Amino acid sequence: MVDTHLHQNSVQDVLDYDREKELKDFDDTKAGVKGLVDNGIVKIPQMFVIPTNELSSETSYSGSTHLHIPVIDLKDIHEGGIVNHGISEDVMDEMMKGIHRFHEQPTEVKREYYLRDATKNVTYMSNFHLFKAKAANWRDSLSFSMAPVAPILRSFHQPAVKTNKKDDIHYKRIKLKLRKTNKILGEWGNNESSSIEQSPLMDIIISYSEHVKMLRLTLLELLSEALGLKPNHLIEMGCAAGHNFVCNCYPACPEPNRTMGASKRSDPDFFTILLQGQIGGLQLLYENQWADIPPVIGALVVNLGDLFQLISNDKSKSTIHRVLANQVGLRISVACFFSTHLQPVNQLYGPIKELLSDDNPPLYRETLVGEYAFSYALKGLGNAALALFRL
């Protein structure tokens, strides 16, 4: 027998549901998904629930055991895991531990740094596309820009020189930003000092960033050769000019079958180097089937992005991937995106002329990196922006 009273209450709950209010209330707490978990939540809020008709396709997985991503020695490169990449396990472990420490801090500590402004050098928030996505993802993110312009690192290595009144004002603004950033890094590094010079994690950030910068040159040389170009072609194009880190935290989810850690998407960059912890969940779409990307100690994952697909004129495709929600956590990952979308760079990118011919005409129009990133943000996660640039 159907309980009419319960059915009426369920229908009324749906009618009364105000998604915009729930999103705003969640964002205003500045506690993120980790805050929900720390408060002992046992049922995920409606804003995270993927509709049943979409969940079936979003979570479909063949379970085929033969689907796997190979671990590749850096004598060759394709989407997949790479080893012998020149970054020591100690450097990678310290980076992961630092990110883990940050996300494990009390909400009242992290709340001070919660900022929904992706143009800033350092931001901490939950869901970049919170107010655009159909369903929020079960994750929080700490992000910072490292190149080509990174005021925190430039100040660390080369203090600003005051030459005139205008420079003096700029110097003071940088100092004000540094005070807050230094405090983040000091607490993040589990150090009471707010001085950037005394922050133990600052050295780790710089070290990991410098190692990744060296690795990117090797990868771009290999990718250039794979396209039939000179080894330094993509480097000379500026594909290695900028990078930023997005350090994700995927807390344990009480209802992992009703949401996603990260929805199906591609990356809006040239390529991405991913460092992931030992908790699985990352999957790649291969021949319309989802393949697990299990963590491998000492290995990094490399994904090609939308901009690489654009400049290669579809010779190489961007990697479609997602992250499943888990009942265990914290799952931590550090994604390094190679792009200049956070910087005022006016270089146009289009299909590489050396790859074009009468039989292979350009498929995309030229675009600024910033323009593509803006279009990607407007479309929201899971919605390909490349189609907007097709001729």
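**View 1. The largest nonpolar core of this predicted model holds 58 residues.** A nonpolar core here is a set of buried Ala, Val, Leu, Ile, Met, Phe, Trp, Tyr and Cys residues joined through side-chain atoms within 4.5 Å. Buried means under 20% relative accessible area, exposed means over 50%, and partly exposed lies in between (1.4 Å probe, protein chains only). The residues with the most contacts inside this core are Phe144, Tyr208, Leu234, Phe245, Ile273, Ile311 and Val334. Helix 9 (residues 200-226) gives the most to the core, with 8 residues. Another core lies apart from it and has 13 residues, including Phe26, Ile44, Trp138 and Cys253. Residues are numbered from 1 along each chain as its sequence is written, and side-chain values use heavy atoms, with hydrogens and water left out. As this is a predicted model, local features need pLDDT of at least 70 and side-chain atom pairs count only at pLDDT 80 or more, while totals for chains, interfaces and linings use all residues.

**View 2. Helix 2 (residues 19-29) has a buried side.** Glu22, Leu23, Phe26 and Asp27 of helix 2 are buried. They cover an arc of only 125° around the axis, so they sit on the same side of helix 2. The arc is that of the directions from the helix axis to the C-beta atoms. Helices (H or I, at least four residues) and strands (E, at least two) are DSSP runs, numbered from the N terminus. The buried residues of helix 2 pack against helix 3 (32-38).

**View 3. Asp18 caps the N-terminal end of helix 2.** A side-chain oxygen of Asp18 lies 3.3 Å from the backbone nitrogen of Glu20. After helix 2 comes Lys30, with a positive phi near 55°.

**View 4. Arg365 lies in the loop between strand 13 (348-349) and strand 14 (367-368).** Arg365 counts as partly exposed because its relative accessibility is 32%. Its side chain makes a polar contact with the side chain of Glu371 (2.8 Å). A polar contact is a pair of N or O atoms within 3.5 Å; within protein, one must be able to donate a hydrogen and the other to accept it, and residues adjacent in sequence count only if both atoms are side-chain atoms. Leaving aside neighbours within four places in sequence, Arg365 is in contact (heavy atoms within 4.5 Å) with Leu310, Tyr349, Glu371, Leu388, Phe389 and Leu391. The C-alpha atoms of Arg365 and Tyr349 are separated by 8.4 Å, and the two are 16 residues apart along the chain.
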